[in-house]
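Trainee: I'm new to this structure and would like to learn how to read it. Could you take me through a few features, one by one?

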Amino acid sequence: MEAGTQTSLSDFTAALPKKRMAAAALLFNSDDKVLLVEPTYKDYWELPGGAVEHDESPFEAASREIGEELALEKRLGRLLVVDWVPPRQDRSEGLMLVFDGGVLSDAEIARISLPEGELRSCAFCSPDDASSRLSALLARRLEAAWRARSTGLVAYLENGYSIQHSGAPT
């Protein structure tokens, strides 16, 4: 490849749009309730997870965040959801991924330790209880992830809504 071509490719790559990316995990107890965390800096709950850092894969980010937020080392399972979120006034557009974290043992649950100043609490929730604690967007994403976990499929969402082959949100 010529030097001029490499520079052009570099320029092209540098000019590509930047997107936020975050990754989370569904973690369950033996009663099939999902674990949610309550951040100190938000007025709604979330799935455990967070931002994907520079040169980090989403899978690595979700695993790292589980360690940082819950003090657990957990081998995550398969991808459940990809959700493209449009830009808002306070945030750029982003890609959010959710992985299956499986069922936590009683011993793992007993070891959960939340980082002071970042997370206020955590709770295992039924689908209805989870929906009441999450933002509408996160509730839609969780519902799709729960469904993907049971069907063996991966859900593609836009702003938390499933996109059918026609491209229309459902």
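Trainee: Which side chain meets the side chain of glutamate 65 in a salt bridge?

Mentor: Start with the general idea: side chains of opposite charge can pair when their charged atoms come close. The cut-off here is a side-chain nitrogen of Lys or Arg within 4 Å of a carboxyl oxygen of Asp or Glu. Glutamate 65 pairs with arginine 64, at 3.1 Å from N to O. One thing to keep in mind: this is a predicted model, where local features need pLDDT of at least 70 and side-chain atom pairs count only at pLDDT 80 or more, while totals for chains, interfaces and linings use all residues. Residues are numbered from 1 along each chain as its sequence is written, and side-chain values use heavy atoms, with hydrogens and water left out.

Trainee: Are glutamate 65 and arginine 64 buried or exposed?

Mentor: Buried means under 20% relative accessible area, exposed means over 50%, and partly exposed is in between (1.4 Å probe, protein chains only). Glutamate 65 is buried, and arginine 64 is too. They also belong to a network of salt bridges that links Glu53, Glu56, Arg64, Glu65 and Glu68.

Trainee: How many salt bridges does a search of the whole structure find?

Mentor: The search finds 14. One of them joins glutamate 46 to lysine 42, with the closest N and O atoms 2.4 Å apart. Glutamate 46 counts as buried because its relative accessibility is 16%. Another salt bridge pairs aspartate 90 with arginine 88 at 3.5 Å, N to O. Aspartate 90 has 59% relative accessibility, so it counts as exposed, and arginine 88 is partly exposed, with a relative accessible area of 40%.

Trainee: Let's move on to helices. What span should H2 have, and how far apart are its end C-alpha atoms?

Mentor: Helices (H or I, at least four residues) and strands (E, at least two) are DSSP runs, numbered from the N terminus. The expected span of a helix is 1.5 Å times one less than its number of residues. H2 has 13 residues, so it should span 18 Å, and its end C-alpha atoms are 18 Å apart, which agrees. Helix H5 (residues 136-151) passes the check as well: its 16 residues should span 22 Å, and its ends are 23 Å apart.

Trainee: What covers the buried residues of H2?

Mentor: Think in contacts, meaning heavy atoms within 4.5 Å. The cover includes S1, S2, strand S3 (49-51), strand S5 (94-103), helix H3 (106-111) and S6. Among the buried residues of H2 are Pro58, Ala61, Ile66 and Leu70. Take alanine 61: its relative accessibility is 0%, so it counts as buried. Leaving out residues up to four places away in sequence, alanine 61 touches Ala23, Ala51, Val52 and Glu56. Alanine 61 and glycine 50 are 11 residues apart in sequence, with their C-alpha atoms 7.2 Å apart in space.
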